[in-house]
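User: I would like to learn how to read helix packing in a model. Please start with a pair of helices and go on from there.

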Amino acid sequence: MRRLSRLTRERNLLSAMRLKFRLIPSTSVGHLFLLQEMLSVRVFVRVKKVRLLSSFRASSVKLLLQPLKESILSRELQQSKIGKSEATLPKSEQLGHDDLKEGDHIKVYIADVKDNERGPHAIISRTHPGLVKRLFEQEVPEIYDGVVEIKSISREAGSRTKMAVYSSNPDVDAIGSCIGNKGARVNKIVEELGGEKIDIVLYSDDPEKYISAALSPASVCKVEITDEETKSCRATVPDGQLSLAIGNKGQNARLAARLTGWRIDIRPESGFYGEDEDDEPKAEEKSEDVLDLDESTEGETVVSDETEE
């Protein structure tokens, strides 16, 4: 029996397919093709959405340098592009002094990713504590390489940030690495954040040391743990350092409490502040503007020569 050539076999197969389709009503053939087309498009769109969503979520651990596409509602929203998808920078996620214009390149943090009818949509932020973490990773090789670890960050965006760092290598100065030669590294980040003050403290497993350091630039005489279950303590400071420990409108004490996760009662060394519990300045530990990178966060020493007014 003579062997058929490949071309002949393909022609025979094509003829058989044509004959098969002739036996099906034309309307059915049209419906079949239409259904197949619709299913293909849906599968393609779904796969595209999944890929974009995965890409966004992977980017959320990165620092992005984004060009702004356009302004909407007079700075209420700023839009940018990440790949082929839109990202929104709401006014609530912008720094107060940001004067953003179309085409500006800014550093942002992907705070959230949502999947809607139009596909994955990213919410980018300039106020998220994660932005500070990524900026330090970019500027400090020791942090990027894992030699120095950022344990916790508490932030009041545009005003002040406290950050706890630690290194298991005794030969590495964790705080000095973040500051850089003559403050070069930290000053770059301060400039990017529009002059936001940054206090850097050294993480410690000893909560008394950590709380003392977190209250810098004020000196702390002693820290007493009053209740470990509720993580409450009392910090005693020199009389002349009380206002410095509390800070402007309570900011220093508030950031220290958020950083450490402890409720801090601050008292002067003389004890003449007042014995009524309701009158004592207390720093609450809970806040949305805190990036806790470890379940237990304790620390040490602030790098700042500035005093609170």
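Analyst: Two packed helices are described by the angle between their axes and the distance between the axes. Here helix α7 (residues 207-214) and helix α9 (residues 251-260) cross at roughly 145°, and their axes come within 9 Å. Axes are lines fitted to C-alpha atoms, for helices over the stretch in contact, and angles run from 0 to 180 degrees between N-to-C directions. Helices (H or I, at least four residues) and strands (E, at least two) are DSSP runs, numbered from the N terminus.

The model is predicted: local features need pLDDT of at least 70, side-chain atom pairs count only at pLDDT 80 or more, and totals for chains, interfaces and linings use all residues. Residues are numbered from 1 along each chain as its sequence is written, and side-chain values use heavy atoms, with hydrogens and water left out.

User: Which residues of α7 and α9 meet?

Analyst: Contact means heavy atoms within 4.5 Å. From α7, Tyr210, Ile211 and Ala214 meet Ala256, Leu259 and Thr260 of α9. By class, this contact of α7 with α9 has five nonpolar residues, one polar and no charged. Ala, Val, Leu, Ile, Met, Phe, Trp, Tyr, Cys and Pro count as nonpolar, Asp, Glu, Lys and Arg as charged, and the others, Gly among them, as polar.

User: At what angle do α3 and α6 pack?

Analyst: Helix α3 (residues 129-139) packs with helix α6 (residues 184-192) at about 140°, with the axes 10 Å apart. That makes α3 oblique to α6; angles under 35 degrees count as roughly parallel, over 145 as roughly antiparallel, 65 to 115 as roughly perpendicular and the rest as oblique. Leu135, Phe136 and Glu139 in α3 meet Arg185, Val186, Lys188, Ile189 and Glu192 in α6. The classes in the contact of α3 with α6 are four nonpolar, no polar and four charged residues.

User: Which residues of α6 are buried, and which are exposed?

Analyst: An α-helix has 3.6 residues a turn, so residues three or four places apart point the same way. In α6, Val186, Ile189 and Val190 are buried (under 20% relative accessible area; exposed is over 50%, partly exposed in between; 1.4 Å probe, protein chains only). Seen down the axis of α6, these buried residues fall within an arc of 105°, so they line one face of the helix. On the other side of α6, Lys188 and Glu191 are exposed.

User: How many residues of α3 are buried?

Analyst: Nine of the 11 are buried, so α3 is largely enclosed by the rest of the structure. Among them are Pro129, Lys133 and Phe136.

Terms used
The arc is that of the directions from the helix axis to the C-beta atoms.
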